[in-house]
Amino acid sequence: MATYAADVQRLSNWLKYEEEPGSGVTREVLPKSAVNATITGSVLDSTGKLVVAATVADATYILIDDLTRPAAAEYANVLVLARGHAKVGKEALVWGADVTTDTLKNTALAKLAAKNIFAVDQLDKYSF
């Protein structure tokens with residue numbers, strides 16, 4: 001049986017496909033001071049804040065960087081997924097504490113789908 005690390009959230013937990021990631025077309029850089037999330041896969045609004053119930057209709061980015069790493073303190077900027085074509089696993093995305101219903105999540109996911117970031121079902125948040 002294959003063994004994989006499930007101790008922390010990883011990029012591979014939620015990012016399933018990204019068209020030409022090396023080109024940078026799908027990504028943007030935000031100032032780290034504007035971002036209040038630390039875990040990769042966090043859904044952010046247009047100001048860089050973690051999406052909460054009041055801002056689900058403004059879902060704009062998904063945090064690519066993992067700011068829990070010790071090396072993250074050295075950088076002033078963070079990398080985010082800003083547009084597609086991309087496919088993300090919806091079970092592994094990170095939301096604000098009050099985004100608990102499928103209705104709220106689907107509102108945010110529809111906003112991301114308009115940017116060609118499509119959320120797909122996955123077996124669990126650690127499936128490959």
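Author: Happy to. A nonpolar core here is a set of buried Ala, Val, Leu, Ile, Met, Phe, Trp, Tyr and Cys residues joined through side-chain atoms within 4.5 Å. Buried means under 20% relative accessible area, exposed over 50%, and partly exposed in between (1.4 Å probe, protein chains only). This is a predicted model, in which local features need pLDDT of at least 70 and side-chain atom pairs count only at pLDDT 80 or more, while totals for chains, interfaces and linings use all residues. Residues are numbered from 1 along each chain as its sequence is written, and side-chain values use heavy atoms, with hydrogens and water left out.

The largest nonpolar core has 19 residues, and those with the most contacts inside it are W14, I62, L81, V88, L93 and W95. At least two of its residues come from each of β4 (59-63), β6 (86-89) and α2 (102-113); helices (H or I, at least four residues) and strands (E, at least two) are DSSP runs, numbered from the N terminus. The largest share, three residues, is supplied by α2.

Leaving aside neighbours within four places in sequence, V88 is in contact (heavy atoms within 4.5 Å) with W14, L15, K16, I62, L81, L93, I117, F118, A119 and V120. There is also a second, separate core of eleven residues, with V35, L44, A72 and V80 among them. As background, nonpolar side chains tend to be buried together in soluble globular proteins.
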